[in-house]
Amino acid sequence: MLTVQSFTFNPFQENTYVISNNQKQCWIVDPGMFDDREKAQLFEYIASKQLVPQAIINTHTHIDHIFGVQAVVDKYNIPFGIHEKDLPLLNVAPTSAAMFGCDFRLVPQPTFYISETTPLMLGEDEVDIRFVPGHSQGSIAFYYAPGNWAIVGDVLFQGSIGRTDLPGGHFDTLINSIRTQLFPLPDETVVYSGHGPATTIGQEKKYNPFLQ
Ligand SMILES: [Zn+2]
Ligand SMILES: [Zn+2]
């Protein structure tokens, strides 16, 4: 069984997640640690639980979701996976960072691509990949049916949806991704978003003003 631990990092209040299994293997999702204090917080959690990181997997590659990738690679020497369609976005990270007044020059390159046609395995636990473009061209969600949860990045938030005004964003595509890839999940599915509190599919179907 996989469990999820959440952290909130960096000036964008981004949610980083650690997914772990019973054998103490883990993935780090969207490592957004910005300063040494935040890096220490994540590394201390991993050490205290005696977890062994296997990979970094990203829902997408906006800067707030990749600030901490290099630190994790340096610390654990593990692979970094993204959807191939988010590679162009990753490569403009220095420009985007400068726009927000952040200095970010060293862009870590992915070592593997995650495809919606191939589930990811953490030990014996299988996580489904949902392709959910619209906030970025290569956004993906990680869905784990046995635990009733999905990590959706910036696609869907409690009462809101992801921005579509950034490069690669497209409103109709985003709405379509949510309707066809996320809303068919069971209502009780817990939705872990890239920002803000967790919600459920059922709650967003009922109350999300963008999806009525
Ligand atoms: Zn984003
Ligand atoms: Zn974000």
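1. Which spacing do the donors of the zinc ion (ligand 2) follow along the chain? They follow D-H-x88-D-x40-H, where donors are N, O and S atoms within 2.8 Å of the metal (3.2 Å for Na, K and Ca), and sites may look incomplete because water is not among the atoms. This is a predicted model, in which local features need pLDDT of at least 70 and side-chain atom pairs count only at pLDDT 80 or more, while totals for chains, interfaces and linings use all residues. Residues are numbered from 1 along each chain as its sequence is written, chains are lettered from A and ligands numbered from 1 in the order in which they are written, and side-chain values use heavy atoms, with hydrogens and water left out.

2. The ligands of the zinc ion (ligand 2) are Asp64 (OD), His65 (NE2), Asp154 (OD) and His195 (NE2), at 2.1 to 2.2 Å. The angles among these 4 donor atoms run from 88 to 156 degrees, and the site is classed as irregular; four donors count as tetrahedral if all angles lie between 85 and 135 degrees, four count as square planar and six as octahedral if opposite donors are over 155 degrees apart and all others between 65 and 115, and anything else is irregular.

3. The zinc ion (ligand 1) is held by His60 (NE2), His62 (ND1), His135 (NE2) and Asp154 (OD), at 2.1 to 2.3 Å, with the donor spacing H-x1-H-x72-H-x18-D. This site is irregular too, with angles of 86 to 171 degrees among its 4 donor atoms. His60 lies in the loop between β4 (52-57) and α2 (69-76) and His135 in the loop between β8 and β9, so that the pair links parts of the chain 75 residues apart; helices (H or I, at least four residues) and strands (E, at least two) are DSSP runs, numbered from the N terminus.

4. The two zinc ions, ligand 1 and ligand 2, lie 3.5 Å apart and are bridged by Asp154. Asp154 sits in the loop between β10 (149-153) and β11 (156-157), and His195 in the loop between β13 (190-193) and β14 (199-200), so this pair ties together parts that are 41 residues apart in sequence.

5. Both Asp154 and His195 are buried, a term that means under 20% relative accessible area, with exposed over 50% and partly exposed in between (1.4 Å probe, protein chains only). His60 is also buried, at a relative accessible area of 1%, as is His135, at 3%.

6. Helix α5 has 12 residues and reaches 16 Å from its first C-alpha to its last, close to the 16 Å expected at 1.5 Å a residue, the expected span being 1.5 Å times one less than the number of residues. Its residues Leu174, Ile175, Ser177, Ile178 and Leu182 are buried. They cover an arc of only 155 degrees around the axis, which puts them on the same side of α5; the arc is that of the directions from the helix axis to the C-beta atoms.

7. The buried residues of α5 pack against β8 (125-131), β9 (140-144), β10, β11, β12 (160-161) and α6 (201-207), where contact means heavy atoms within 4.5 Å. Ser177 counts as buried because its relative accessibility is 4%, and Ser177 touches Phe131, Val132, Pro133 and Leu182, not counting residues up to four places away in sequence.

8. An open sheet of 6 strands runs in the order β7-β8-β9-β10-β13-β14 with mixed pairing, where two strands pair if DSSP finds at least two bridges between them. Its edge strands are β7 (120-122) and β14, each pairing on one side only. β9 and β10 pair in the antiparallel sense over 3 bridges, and Phe142 stands opposite Ile151 in β10.
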